[in-house]
Amino acid sequence: MSFVGEEREGEQESAERIITKIEVQKKNKRRYNIFLNDEFAFAVHEDIMIKHRLFKGDVVTNEWLEELLQDEERNDAYLKALRFLGVRPRTEKEMRLKLKESGYEEVLIEETIRRLVDQKYLDDRLFAKMWAEQRVGSQHKGKALIRQELILKGVPRDDIQNVLQAIDPEEELASAVDIGVKKWRQTSGENFERKRKTAAFLLRRGYSNEVVQQVLRRISTLNDNNY
């Protein structure tokens, strides 16, 4: 026959969780499998293991375990965000969507976004600048289309406006002339019809009517010179 106190003490001892094994994962050398009472319990990144100083023989309390797993989830979201950025630069809106698709909670997503912004890994203004330069230079797109693309990506309108105003008009015109001449070459029919098709093409590329008219005048001059 045992006393009630002894029974409770025995239950507490049997419920005690101890780290009995720590092993590195085979496919990811920076992650470790943690075993409690000889059974696999969870896996953590090495940064979290070092932060919480996990060692074989440690007794794991509920509070400590909850804090550790929360830190692991934060770290996991952050590392996943860095992998997304490794594929290509992204806006804050795009990153939110990617993390949400990955199943992270809203609070954790916002915490991760703030961390990335503070570290300059996310910068909507810089993103817009790089996007506009690439679209004008190699993609041959005009300001109207660039504006629409940046709006869809969630860039603040003030940043978009500043970036578009910084585009060199001569650079935009040169890009439009380049793509306009190519379209002219590929178009058959009378000059009037070729101008109409070329103008429509340039407008769809986001160039303003003013830029389109300048391109057509350049093409007409080249055509008059037996281009």
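In this predicted model, Arg31 stands opposite His45 in strand E3. Helix H3, residues 62-87, packs on the sheet to which E3 belongs. H3 touches E1, E2, E3 and E4. Its direction makes about 45° with that of E3.

The sheet itself is open and is formed by four strands. Their order is E3-E2-E1-E4, and the pairing is antiparallel. E3 and strand E4 (59-60) stand at the edges. Each of these two has a single partner strand, so one side of each is left without a neighbour in the sheet.

Strand E2 pairs with both E1 and E3. With strand E1 (residues 17-24), the pairing is antiparallel and runs over five bridges. Ile19 has Leu36 in E2 as its bridge partner. E1 and E2 form a hairpin, with six residues between them. With E3, the pairing of E2 is also antiparallel and runs over six bridges. Here Phe35 stands opposite Phe40 in E3. E2 and E3 form a hairpin too, with two residues between them.

The burial of E2 was examined next. Six of the six residues of E2 are buried, so the strand is largely enclosed by the rest of the structure. Its side chains point in two directions. Arg31, Asn33 and Phe35 point one way from E2. Tyr32, Ile34 and Leu36 point the other way. All of these residues are buried.

Most residues other than glycine have a negative phi. Asn37 is not a glycine, yet its phi is positive, near 50°. Asn37 lies in the loop between strand E2 (31-36) and strand E3 (39-45). Asn37 is partly exposed, with a relative accessible area of 35%. Lys120 also has a positive phi, of about 70°, although it is not a glycine. Lys120 is placed in the loop between helix H5 (106-118) and helix H6 (124-137). With a relative accessible area of 64%, Lys120 is exposed.

Aromatic rings were considered next. A pair of aromatic rings is described by the distance of the centres and the angle of the planes. The structure holds two aromatic pairs. Phe35 and Phe40 form a pair that is edge-to-face. Their ring centres are 5.8 Å apart, with 75° between the planes. Phe35 is buried because its relative accessible area, 14%, falls under the 20% cut-off. Phe40 has a relative accessible area of 48% and is partly exposed. The pair formed by Phe127 and Trp131 is stacked. Its centres are 5.6 Å apart, and the planes make an angle of 20°. Both residues lie in helix H6. Phe127 and Trp131 are four residues apart there, about one turn of the helix. Both are buried.

Charged side chains also sit over rings. The charged end of Lys21 sits over the ring of Phe35, 5.1 Å from its centre. Phe35 thus has Lys21 over its ring and Phe40 as its aromatic partner. Elsewhere, Arg115 lies over the face of Tyr78. The distance from Arg115 to the ring centre is 3.5 Å.

UniProt, in an unreviewed entry, lists "domain: RecX first three-helical" for residues 77-116. This span is 80% helix and 0% strand in the model. Its end C-alpha atoms lie 11 Å apart. The UniProt annotation "domain: RecX second three-helical", also from an unreviewed entry, covers residues 123-164. Over these residues the chain is 76% helix and 0% strand. The end C-alpha atoms of residues 123-164 are 17 Å apart.

A further helix was also examined. Ala174 is found in helix H9, residues 169-186. Ala174 counts as partly exposed, at 47% relative accessibility. Ala199 is 25 residues from Ala174 along the chain. The C-alpha atoms of Ala174 and Ala199 are separated by 15 Å.

Key. Residues numbered from 1 in each chain as written. Heavy atoms only, no water. Buried < 20%, exposed > 50% of the residue type's maximum accessible area, 1.4 Å probe, protein only. UniProt positions renumbered as here; feature names shortened; annotations may be inferred. Pairing = 2+ DSSP bridges. Contact = heavy atoms within 4.5 Å. Axes fitted to C-alpha atoms, helices over the stretch in contact; angles between N-to-C directions. Phe/Tyr/Trp six-rings, centres within 6.5 Å; stacked < 30°, edge-to-face > 60°. Lys NZ or Arg CZ within 6 Å of the ring centre and 35° of its normal.
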